[in-house]
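Hello,

Here is the structure I promised to pass on. Please look it over, then read my notes below.

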Amino acid sequence: MFDTKIAIIVREDLATWQKLNVTAFLMSGITGANPDLIGKPYEDCDGNTHLPMSVQPVIVLSGAANVLTNIRNRARGRGVETVAYIEEMFATGHDDANRSVFAEHGPDEANTVGIALRADKKIVDKITKGAKMHG
């Protein structure tokens, strides 16, 4: 049904709360860059309206630090835009601080704890090689 695939990859050694936190932040970046992903509001049987969600499924994968570094670099090499979350961002308290600490680090470092991308299905599969289904 979709020509593209959304993949979120989290580092496998994170605490559960960190994996969930990173996943939420990364998906916000994907939807922010792709407003067409947001569907219509939901309504329950009592007529209560709920906010809309992504119309496209999202796959969540995991991998070791080197796998995330490789994915980040493969995406960059193919010109695929990504959302990246680095370990140092856990110690900040707001977006400006996140942006500041992010600017101090490069893509070859082993501190990427999460990365998300949306691209053609086959390209996403090639970029995310080495990651496994999160379980």
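**Overall size and fold**

A compact globule of 135 residues would have a radius of gyration near 14 Å; the protein chain has 16 Å, which agrees. That radius is taken over C-alpha atoms, and the globule rule is 2.2 Å times the number of residues to the power 0.38. The C-alpha trace spans about 50 × 35 × 25 Å along its principal axes.

This is a predicted model: local features need pLDDT of at least 70, side-chain atom pairs count only at pLDDT 80 or more, and totals for chains, interfaces and linings use all residues. Numbering starts from 1 along each chain as its sequence is written, and side-chain values use heavy atoms, with hydrogens and water left out.

The chain has four helices and seven strands. Both are DSSP runs numbered from the N terminus: helices are H or I, at least four residues, and strands are E, at least two. From the N terminus on, the order is β-α-β-β-β-α-β-α-β-α-β.

**The sheet**

Five strands form an open sheet with mixed pairing, in the order β5-β6-β1-β4-β7. β5 and β7 (132–133) stand at the edges with a single partner strand each, so one side of each is left without a neighbour in the sheet. Pairing requires at least two DSSP bridges between two strands. β1 (residues 4–11) and β4 (residues 58–63) pair in the parallel sense over six bridges. Ala-7 has Ile-59 as its bridge partner in β4.

**The largest pocket**

The largest pocket holds about 280 Å³ of space. A pocket is an open set of points on a 1 Å grid over the protein atoms alone, where a 1.4 Å probe fits, with protein on both sides within 12 Å along at least five of seven lines; lining residues have an atom within 4 Å of a point. Volume is the space filled by probe spheres set on the points, which are joined across faces, edges and corners.

α1 (16–33), β5 (82–86) and α3 (95–102) each supply at least two lining residues. The largest share, four residues, comes from α3. Among the lining residues are Phe-25, Tyr-85, Asp-95 and Arg-99.

Best wishes
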